[in-house]
Amino acid sequence: MNLFFNFRNRSLVNISLSSFGLNPFSLHVVRDDMLHPFVSGNKFRKLKYNIQFAKANGYETLLTFGGAFSNHIAAVAAAGKELNFKTIGIIRGEELESKIFENTTLSFAQDCGMQLYFISREAYRQKTETNFINHLKKQFGDIYILPEGGTNVLAVQGCEEILENVSENADYICVPVGTGGTMAGLVKASRKDQQVLGFSALKGTFQSEEIGKYTSKTNFSITDAYCFGGYGKIDADLIRFINRFKREANIPLDPIYTGKMMFGIMDLLKKGHFKENSRIFAIHTGGLQGIAGMNQKLKKKNLPIIE
């Protein structure tokens, strides 16, 4: 297990902004997506101390929750396979049960040995309720339960380590935001003179309340101006940007999280949001496994695909 979590294969990449007409700024991407081939980015960070706790306390089975193309489901399945845990995925949407082999994320998880159980969206909304949790424990026995998205105290502790050895020169630290756990870790680890800017992948900035559960620091803000209509929603402009960024910077972005963040950073740079000559660090949180599934949807809609 120590070998797994000591895996380090990331880099800090300086992005040339001349092709974007934004010379008076310094933009670096923290390539946390390179931490592990299948458990990348913030999922690696969130799982680190949770899995260590589970192992130390004798758990043999990990159970968690997710949707059709969940990065978290894929990461838990891959980590379980490598670290000899049984894994169970409670999946939102009964209709997906007959479409496992059409879904790259779910088929990957199943190939890793994860047992998939599909429930209705109505039932899924009860996933944090005591009666629902007790039913799962009765059904599956001695399980270590990871919340949807992976955020808890141990996950935030792991995400604090994202800034180790890379951020001392940063004025701004930018990150995609889902549940808020990754950003909470970054805020905790940041200096008070650094600003942490979150780009919500879904409508709303309610994640601020979640972050407040883990830190009293206030040097952060969240915007949903670049969520493109909501979680999992994208358009042709975002696809073109993701493809252009890959060509210019040689860095792939996922359409749910990092693509929206980077689109937002570039737009805010153009609008003068950042002070000139400021140093901006963008956290690449992974999620690239979801590109294949998104491209399936894009093809059906006759939209350009992500290269």
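I began with Cys227 and found it buried, because its relative accessibility is 6% and the cut-off for buried is under 20%. The model is a predicted one. I then looked for a partner for the sulfur of Cys227. The closest cysteine sulfur belongs to Cys174 and lies 17 Å away, too far for a bond, since a disulfide needs the two sulfur atoms within 2.5 Å. I noted the disulfide count as zero. I also checked Cys112, which counts as buried because its relative accessibility is 12%.

**Helices H2 and H3.** Next I looked up how H2, residues 41–56, sits against H3, residues 71–83. Their axes are 11 Å apart and meet at an angle of about 45°. The two helices are therefore oblique to each other. I recorded the crossing of H2 past H3 as right-handed. Which residues make the contact? From H2 I listed Lys43, Leu47, Ile51 and Lys55. From H3 I listed Asn71, His72, Ala75, Val76, Ala79 and Leu83. Sorted by kind, the residues of this contact are six nonpolar, two polar and two charged. I kept one general point beside the list: an α-helix has 3.6 residues a turn, so residues three or four places apart point the same way.

**Asn42.** I stayed in helix H2 for Asn42. Is Asn42 buried or exposed? Asn42 counts as buried, because its relative accessibility is 12%. Leaving out residues up to four places away in sequence, I found Asn42 touching Cys159, Thr182 and Thr285.

**Helix H8.** H8 runs over residues 181–189 and is mostly covered, with seven of its nine residues buried.

**Phe241.** My last entry concerns Phe241, which I located in helix H10, residues 236–249. Phe241 is buried, because its relative accessible area is 10%. What does Phe241 touch, not counting residues up to four places away in sequence? I listed Phe20, Leu253, Gly259, Met262, Phe263 and Met266. For one of these, Met262, I looked up the C-alpha separation from Phe241 as well. The two residues are 21 residues apart along the chain, and their C-alpha atoms are separated by 8.9 Å.

Terms used. Residues numbered from 1 in each chain as written. Predicted model: local features only at pLDDT ≥ 70, side-chain atom pairs only at ≥ 80, totals over all residues. Heavy atoms only, no water. Buried < 20%, exposed > 50% of the residue type's maximum accessible area, 1.4 Å probe, protein only. Helix = DSSP H or I, 4+ residues; strand = E, 2+ residues; numbered from the N terminus. Axes fitted to C-alpha atoms, helices over the stretch in contact; angles between N-to-C directions. Parallel < 35°, antiparallel > 145°, perpendicular 65-115°, else oblique. Left-handed = near helix turned anticlockwise from the far one by under 90°. Contact = heavy atoms within 4.5 Å. Nonpolar A, V, L, I, M, F, W, Y, C, P; charged D, E, K, R; others polar.
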